[in-house]
Structure formats: C-alpha cells, structure tokens
Amino acid sequence: MSDIQLELNQISKRFGGNQAVDHVSFSVTQPELIGMIGPNGAGKTTLTNLMSGMLKPSGGTIYLNGRRIDGHAPYEVTRAGLGRTFQVTRALNRMTVMENMLVPGLAHNPSARRDNLQERARDILSLLTIEHLTNEYSRALSGGQRKLLELGRLLMLDPLVIILDEPFAGVHPRLQETIYKYIDRVYQDGKAIILISHNMGAVFELSHRLIVLNFGALIADGDPQTVKNDPAVIDAYLGHDEDE
Amino acid sequence: MALFKRIESAIDGSIGRRRLGYALLGLVILFFLWFPNDTSQSNYVKTVFISGFFYAILSSSWALLAGIAGQFSFGHMAFMGIGAYVAGLFARDGITFAALGIALTPESISSVGAIVIGTIVAGAVGLVIGWLLLRLRSAYLALFTIAFSELFRIAMLTEYDYTGGSNGLSLRPLLQVADVDTARQIEYYLMFALLIVCLLLMYRVAHSPIGMFLRAMREDEDAASALGVNVVRYKILIFVFTSMIVGLAGAIFYSDIGSERIIPEQLEVLQMSLIIAYAVIGGMESLLGAAAGAFISRYLLEAMREVVITLPLGLTLPDGSDAFVWETGAWRFALFGLVMVFTLRYMRNGLLYPILDWFSGRDLIMQETVSIRKSDDDVAADMEDSG
Amino acid sequence: MVIEDTLFILWLMVAGPLWAAVGLYLLPNLNHNRSEKDQLPVTQLQIAGVIGGFALGPIGVGLFYFEPHLIRRTTIAAGIIVTVFVSSQVLVRVVEPNLPSVLWLVLAGPLWAALAAYFIPRQYRMVEADDQNVLTAAALGGFAIGPLIFGLMWKHTPKISRDWMIILGSLGAWQIYTVFAINNPDNLCVAAPFHVTYLTQQTANGVVIGAIYSLMAVGLTLIYSVQGIVSFAHGQLYMVGGYFSFYFLMFGANFLSDLTGTEVTINPLWGIPVAAVIVFVMGAAFERAFLKPMHDGLIERVSEYAILITFGFGFFIEYTTLAIAGPFPQRTGRFIEIRRFTLQRTQITDDFAFGPINIIGDRVFAMIIGIVLIFALLYFLQRTWTGRGLRATSQDKQAAAVAGINPTNMNTLSFALGSMLAAMSGAALIPIFAWVPWVGAEMVGRSYVIVVLGGLGSVPGALVGGIIVGIVEALGAGCHPDPSKGAAYKEAFALVIFALVLLLKPTGLFGREQH
C-alpha cells in the first residue's frame, strides 16, 4: 500500500433543514479502485460535489495529497489532482472532440505546446477507441461515446484521484465493455478511482473496496464480499421493516 | 449547386480557399485604404464609413462577449458611454483629490490622456459589474445589464449641469485640423486603424487558450470548472476587456471624429439592439463576421434611406417622372428586424460567418450543422461490423 | 361616459361599508378549506375583511381572499409605515440638519452591509447553521444597524425568518426616510402634518398607476412560469396593443359617423377586447413559428435564443409601427368624464376629488380594468380546466404531459395570453398617456422590475410588486429635492430596487425557492 491520496474527515452538508451528507470519513490510497453505492438519495452525488469543490461542505475537512481542498473552487481542486465526471454527461457540445481534450490540457498548463497536447490527446483517444472522431463536434457523439470522451478529458489532467459518476448509465453493453477496459487500464497506471454506479454487477466486478452510503451517512466500508453480507447494507437496500 | 461544387473543387485544386480568402481580405483592406483618395466621394460617404468602423468595433466586441464567452450583456453601449463621458468630463473639468493634494487642471490634460482615463474607468466599471454578474445567468444577466444601462442613461440625461443633458457633451477634439476634407481623411484612417487594432487584439484573445476556455464556459460552466478552468477569472476578464475596448472606441469616436456629441439617446436599449442585430446578422460567434455585419448593415441602412427605382422602357409615372422614389423611413429598420429574426431562426451562424468559414477551408459550420447525434446502438453496430 | 363625482361620499356611505360587509362575510369562510392547524383566528379574519374592504374595496377583499398570508404582513406593513412616519416627524423637530447622518447613510451603511454580506454567511457555513436567507438579512442588517448586526448574528447564528427581514428592512427604510427628513426639513414630503395630504396624494397616485403596471407584468410572469423564458418583446406588444385600440376607435368612429351621418365617438373601453384578440393571435403565431422549435429541441443554447428571438420580434414590431403610425404622439378620447358639483356650479372635469385628494378618473378606470383582469386571470388559472393545465405545465412538464395535458398547446397559450395581457394594458393606457412607438421600452423596464421584485412566475407577486413600484416611483419623483430631476429619475428609483433584488434575493418576494 502506498500513501494516502484523498482523506475525508467528518464531512457533512446541510441544505436548509435537510442533512444531505452526515459526517462521512474515509480515505483513499493510490492505486485503489473503490466502488461507492447506496440507494437513490443516499448522498452520493452530493458527496461527489463536495469532494470536487462544486459545493462547500458545512463541516469537516478534505485533504488531497496533503493539501486541504475543502471549500476551494472546483478548478483549484481539479488542478490539485482530483478529476470527476458528471452523472449526466457534459460534453462541450459545440466544440470538437479535440478541443474538448485541449481545454483541460491548457487549463492545467496554459503555456504547453499545442502539438504536444494534441499528440497526447490522440494517444488517449485511441486508447478509448474514439480516435476517428477527433475532429467531429462532440454534439454528434452518441451517449456512450460522450462518456468515453468525458473519461478521456480527465486523463488530460493527469489526476491522482478520479471520481466516475455513473459511467455506465444508459450506455450500450458493447460500449460498456470499452469503459470497463478503460477503468482497468487507468487503475493499472496507478491512479485511485472512485466508481459510483447503480450497476451492481459492474461495481462488484471492478472494485476492490466498497463504500456504502445511506441517508447521507457512511454505513459500510470494506471489501466487497464482507460489505455484501453486512446486515446494515441489506437493510438499506431492502428497506426498513416497520413491524420489526 | 452542382456549379457551386465545381467552382469549389476548381478553387481547392488551384490556389486553395484559404489563400483566396487571404487575397480577398487583402483586397478589401486595400480598398478601404484607397477609398478616401477617391475624390468623387463626398465627405458624407466618408462619415458613413467612419461610423461604420465604429459600429464594427462595438458589434465585434459584443460578439466576443456574448457569442464566444456566452455572456448576454445589454450593457455594452453603457460602457461605450462611460468611456466617452468620462473622457469628456475629465478634459473639461479636470479632477481634484483634495485629500491627496492632487489637482489636475483641464489645461494639464491632453485629449489623449482623457481618452486613456475614459478607457480605464470603463474597464474599472466593467470589473465591478462583471463581479456583480457572477451570480446571475442568462435572462437575469440580460435584465441586470439593461437596468444598469438605463440607470446610466437616465443619470446622464438628468444631471444636465454636468453632462449637458439631452444636448449631449462635446469632447475635446483629438485632432486640430482646420481643413474639413483633410480632417475627414485623417479621421477616416484613424478609425480604420482603431478597428484593425481592436480586431487583432480580440482575435488574439479568441484564439489563445483563453478563447478556448471562454467557449468551454459558454457551453457548460460547471463542466469547464471541473476541467480546471477558473471560470470566475475569465468571466470578469472578458467583461473588463470588452468594456475597455468599447470605452476606448467611444472616447475616440466622440472626440470630434464622427463630428458628433455623445448624447444619452445613444445609450438607449434601442441602440443596443442595433449592435446586437448587426452581430446576429454577421455571425455572433465570429469577430470578423460581426464586424463585417455591422459595417455592411450600416452602409445598407444609410443607402436605403431613399430607394429610387427607375422605370424601364421610357415609362413614366402619372406625375411625369421616370423614376419611382420611396422614402423608406422606418421601413428599412422593420425589414432589418425581420432579417434578424429569420437569421436567428434559420441561419444560427449569421449570414456572413458561413462565407468566412468557407474561405477558412475548415468547414466548421457545415460540419457542425450536419452533424447529427448518433445513438449508442448504431455505434455498437458499427463496432460489430469493423470487428 | 360621464360619471357623477359624488364618489367620495358614496364610498364613505355606501361602497366602503358594502365591501366591508363582503369582507366580513367572505374571509371567515377561508377556514372551511383549511386543516385544523392552519386555521386563522376568526376575529382576525373579520377585522382584516372589514378594514381591507372599507379601505381598498374589492382589492383588499380579493387579495386577502386569494392570499390569506398577506393579512399579517399587511398589518405589519401598515404599522411600520405609521411608525416610520410619526417617529421621523418627531425627529425632524428635534434634530438639526447635519452631515454625519448623511455620511452614515451613504457611506457607513453600504460599507457595513457589504462587510456583513461577505462575512456572516461564511460564519453560518462554518458552524453548519441553516444559511437560508442569511445573505439578504446580513446585508439589510449591516445597512440598518451597522456593526451591531455582527453581534446579533455572528455568535448565535439564529435561523432567519421572514420577520427578521421585515424588521431589518423597515429599520433601513426608517433610516432612509429619517435622514432624508432631517436634512430636508422643508421638503413637501416632510413638512407635515400640514402636508400629509401631499404624501397621501403621491401614494394614491402610486397605487393607482401601480395596479395598471401589474397587468402588464402579470403577462410577463405567466409566460415565464410556463415556458421559463423572459419575453423581450413584451413592451412592444404593449405598445402595439395601444395602437390597435387607437386605429380601431378612429376607423370605427369614422365608419359609424358615415353610416349615421352624425358625429359618433366610441368609448376607448371597446378598444381593449379588439387589441386583445389581435395580439392574442399575433402572440400565438409567433410562438408557433419561432418558439416552438425551441421546445422541440431544434435550437441549441435555448435561453439565449429565447432572449434574442423575442428581442428581434419586438424590434420588428416597433419599427413597423413607427413606419405606419409615425413618430407623433397619439391619444384616444377619455374613458370617463366626471361631473363635479360644487356650491357655485357644476363642472365637467377629468379627476375625482376624493376628499382632499385628486385622482385622474381615467387612471382609476384603468386601474379597475387592470384589477378585474388580474382577478379574472387568477380565477382562470385556479378554477378552470385549461388554467389548471397551465399551472400544472409550469410546475412539472412531464407530469402534466402524463396527465393528458398537451405541453405544446400550453406553451402557445401562455405566450398568447401573456402577450394579450400586455396589449390590454396598452389599450387601457392609451387614453391616459401620449402614445409613441417607443413607449413600450420605458414600460417594459418597469415590468421587469415588477416581476423580479414579486418573484418571476408569481401572479400575486406581480400585483404586489406593481403597487410597490408605483408607490416608490411616485414618492421618489414627488419627494426629490429638485422636482424636475425627480421626474426624470422616476424610472431610476425602480431600477435601483431591481438591481438590489437581483443581487440579494433573486427569487423576489413571492418566488419559488430553487435548490
């Protein structure tokens, strides 16, 4: 095991009277492939937004690679080395695939030579099997291809930790395989990945560790087999029986 | 269509579109440089050209702000007005900071100094407004900038003790040339040079990494910031930059270049709507398109003041004249509005941008327009086919 | 139409008591539809009914009936106004004009407001307190009580209720008025009790004109709530509504005069339905041709397209009208003329003498039209099938579609109805204002202020917002030390409110909170 890359301490978030994330703590080492699951409304997306700086936590701290990142603007978090995708894919529609790749590259290093960046972008695109689309407008991409593009953009940032929010949602099985391969490849490269998905099969197959959220709180954290048999987790998914 | 395709391939095969485009652009610039030497042209036409250049700067900078960066501001004319009014007031009254012991008398300020200060103040106000606008998006942003612009106009109209009210304010002349013809000639070149400089500056910004960040922001602010783009900084930056450009243009144009005084009427929403209409017709996402749109629209609107249709075959009207004369009045603007609406609906990229794009040889618009979103199933089927 | 000016007496003796009785009877009925715990005390409802009915007639009764939560707020507001006025009057007599008070108002107040607005929400987030409305309260508080707001909010981070905002806001208002009063003791708005009538006169003018403004704003808010877009052609539709009425009246009168051989004039009231029908059709056609593609997914960057396309539409209408009607001011005849009885003689005038207060009769008439139409719209939205369809679409498009409502038709209907309301306010105002093709530009700015103040998408918000804007404009213009500048700054007062609301509380007074 290597160093701790991402560390959450007692992170919480309130919206009005609603406790969306309730004192969640965990840490991520590198390389690691973590699945994050939980029923709808468990706070997965809110937690992602908190980690990526889209929301400011109401309490708690987040450290990335030894630097405190909670409350920092999203772009600072990104530059510190935490990349994320969105649940609903956000391709920059009226820019070409190559431009989509260049934005993070240039944001990371505005003085970088464009040919170098383009070369790197092409390598990543060919890894993702969408090299033939380099000069297409990203609005022309299919849902699965957009997911791939979004993943590719992340690699341009060379992040330490990647959060993938529902990378398989609404994607054709054939393209899902490509995304599987991609995730595995990135993991082999030594990055930490947090995978959020409703696709239990994929999560159990890919991840080496599972984090389960329910009602904003972390209810289980451990290897998939243990978590699978945890009564609290079963309870969260099957619902609480009133008669008990 | 077939003919067009043949011409297209003939050009591609010989000199290439890009080179042809540059050649044509060079010719256009040469024409503008030669034009004031054409003694058959009246000073009136030159004045139309000068104001055409001025509006080209306004429209193209709005295109940068709204079309490329996606900030739909209606306050553009107000920043132009700030530049002009501040330069004018400063050159007339000077400024005193009693507390600091600094007193600048009007005599100690050159007209260039006044213009510089007008530009800086326009940029500073742009900084404040840009910062306030961070919280607002699309319709709210448009409404806030309208409110700002109207407040400024009303203040300029009402504080007539300082600003001259509806009579306007005359700025200190930038040039001291007695002969009208020579003066026009110099003014013409000055404004043309300003247009070229502004366009080059804006082109430089739009084609630098910043331009790419601005477009990314326009497409999706959250996604851009998740990719490491400092959205706040670039939003404010583009606001300050465009405010300074229009502030500079306003301060120079009203320094007796267009022989006009800056009047509050210039700051009305209606004037702003003209700027927007020029940009839309030229192509909102292209600096050169918007500039050309503004110049051509302005020229046509002037030329269409009176439409004369000479009757053929020696026919005469009942009153004995052989030409039908139509004072177009407001109809030309009505027609212009109609063109704008239909352009928006059916030619999203404007009427001129597609032409410019064709010359660039990249066919971006064509590609973008025909690109149709594929479904995952099709993609998967393609993948099966290819193995 | 000639109306006898015995209205003041009639109101005091007949209409006031009548509406008070209606209020007394109607308001307690509200409790029938409410659950046990939501019930309001019957006495409170009865008092509100009597006072609202007597003072404001159908406006009071109707407003309280449709929006019962306004009862408490209106009571508070009335109390605040009286307190502000009385205390300032006392202070004016005690305190000499002085510079520090002005400096506090224009320098220290905004400074503390900015500091509080910057730091206090951070503190709330730090201690994980509920930070809803904290920004607004902190800014208001910083302005009203300076550093003391830190003492109130920093340590205990109390939950901010509406009462907080009302108290802090009225403290701020009190300061503005008091400092103004102290430093301008001779101003017409201050030198009371002698000139109480002047203030009341200004306020009454404001209420009357504000109710007319509302009608136009309601159209804007209706379009926004269903389609989610702001129509930038609204001012021009208002303007063109006035012209349709004008031409209908002119040609209609000529036609009838020719037919009958005598001089015939048509009451401008008839122009309103004509303008309404024409603009309804115009709005529907425009929506189908240019806005529908937007909802069909044929357009990218929808919100910007909506701004530009409606803007272009307005541009086209404005210049077409200018080309046809010319730039010269036009005006139709009056709605009503008033026969006034005095001891000496009977005279025909154009204003009501309502006790010591004079109000132009046509404005009152237009106000009544405006209020009747707004309540008709509220009835339509809440009690009819189509109206409920509109509301359902505005709340959840997909759910509405599942329930069998065609969202495409609802979109068209909302734009056509909204445009129609603008045209009707235009037709209602052309007897009052000189009409030129650019009259819409000024008016539409005002309706943006109203809808943002009331909350985009809220119909009662538009009514209240309209009246507030009317009053602020009338008082601002009437109380400005230099009357000619005051009139010129009339619009500016509303625009300042607008900018502040956008920055501090973009959801407005009645808007839906978005989270």
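Which residues does Val469(C) touch, not counting residues up to four places away in sequence? The first legend takes up this question, and the later ones move on to other parts of this predicted model.

Figure 1. When residues up to four places away in sequence are not counted, Val469(C) touches Gly210(C), Tyr213(C), Arg446(C), Val449(C), Ile450(C), Leu453(C) and Ala494(C). Val469(C) is classed as buried because 27 other C-beta atoms lie within 10 Å, and a residue needs 20 or more for that class. Ala403(C) is 66 residues apart from Val469(C) along the chain, and the C-alpha atoms of these two residues are separated by 39 Å.

**Figure 2. The open sheet of chain A and the helix that packs on it.** Four strands of chain A form an open sheet in the order β2-β1-β4-β5, and their pairing is antiparallel. Strands β2 (18–29) and β5 (67–68) of chain A stand at the edges and have a single partner strand each, so one side of each is left without a neighbour in the sheet. Helix α1 of chain A, made of residues 44–52, packs on the sheet and touches β1, β2 and β4 of chain A, while its direction makes about 60 degrees with that of β2(A). Strands of a sheet pair through backbone hydrogen bonds.

**Figure 3. Glu7(A) and the pairing of strands β1 and β4 of chain A.** Strand β1 (residues 4–15) and strand β4 (residues 59–64) of chain A pair in the antiparallel sense over five bridges. Glu7(A) belongs to strand β1 of chain A and stands opposite Tyr63(A) in β4(A). Leaving aside neighbours within four places in sequence, Glu7(A) is in contact with Ser27(A) and Tyr63(A). Is Glu7(A) buried or partly exposed? Glu7(A) counts as partly exposed because it has 17 C-beta neighbours inside 10 Å. The C-alpha atoms of Glu7(A) and Asn199(A), which are 192 residues apart along the chain, are separated by 26 Å.

**Figure 4. Nonpolar cores of the model.** The largest nonpolar core has 314 residues, and those with the most contacts inside it are Val103(A), Leu195(A), Phe213(B), Ala249(B), Ala423(C), Met424(C) and Phe498(C). Helix α9 (residues 196–227) of chain C gives the most to this core, with 15 residues. Ala423(C), one of the residues named above, touches Leu237(C), Tyr238(C), Val240(C), Gly241(C), Phe244(C), Ala275(C), Ala276(C) and Val279(C), again not counting residues up to four places away in sequence. A second, separate core of 18 residues includes Ala116(C), Ala117(C), Tyr124(C) and Ala138(C).

**Figure 5. Chain B and its two assigned domains.** Chain B has 17 helices and four strands, and its C-alpha trace spans about 80 × 70 × 40 Å along its principal axes. The domain assignment gives domain 1 (1–40) and domain 2 (44–267) of chain B, and the C-alpha centres of these two domains lie 33 Å apart. Of the 387 residues of chain B, 47% count as buried.

**Figure 6. Confidence of the prediction in chain C.** The mean pLDDT of chain C is 83, and 92% of its residues reach 70 or more. Among the elements of chain C, strand β1 (residues 2–4) has the lowest mean pLDDT, 59, whereas helix α11 (residues 271–295) has the highest, 94. The model scores ipTM 0.87 and pTM 0.87.

Conventions. Residues numbered from 1 in each chain as written. Chains lettered and ligands numbered in written order. Predicted model: local features only at pLDDT ≥ 70, side-chain atom pairs only at ≥ 80, totals over all residues. Helix = DSSP H or I, 4+ residues; strand = E, 2+ residues; numbered from the N terminus. Buried ≥ 20, exposed ≤ 12 C-beta atoms within 10 Å, placed from the backbone. pLDDT = per-residue confidence, 0-100. Contact = placed C-beta atoms within 7 Å. Pairing = 2+ DSSP bridges. Axes fitted to C-alpha atoms, helices over the stretch in contact; angles between N-to-C directions. Core = buried A, V, L, I, M, F, W, Y, C linked by C-beta atoms within 7 Å. Domains from an automatic or database assignment.
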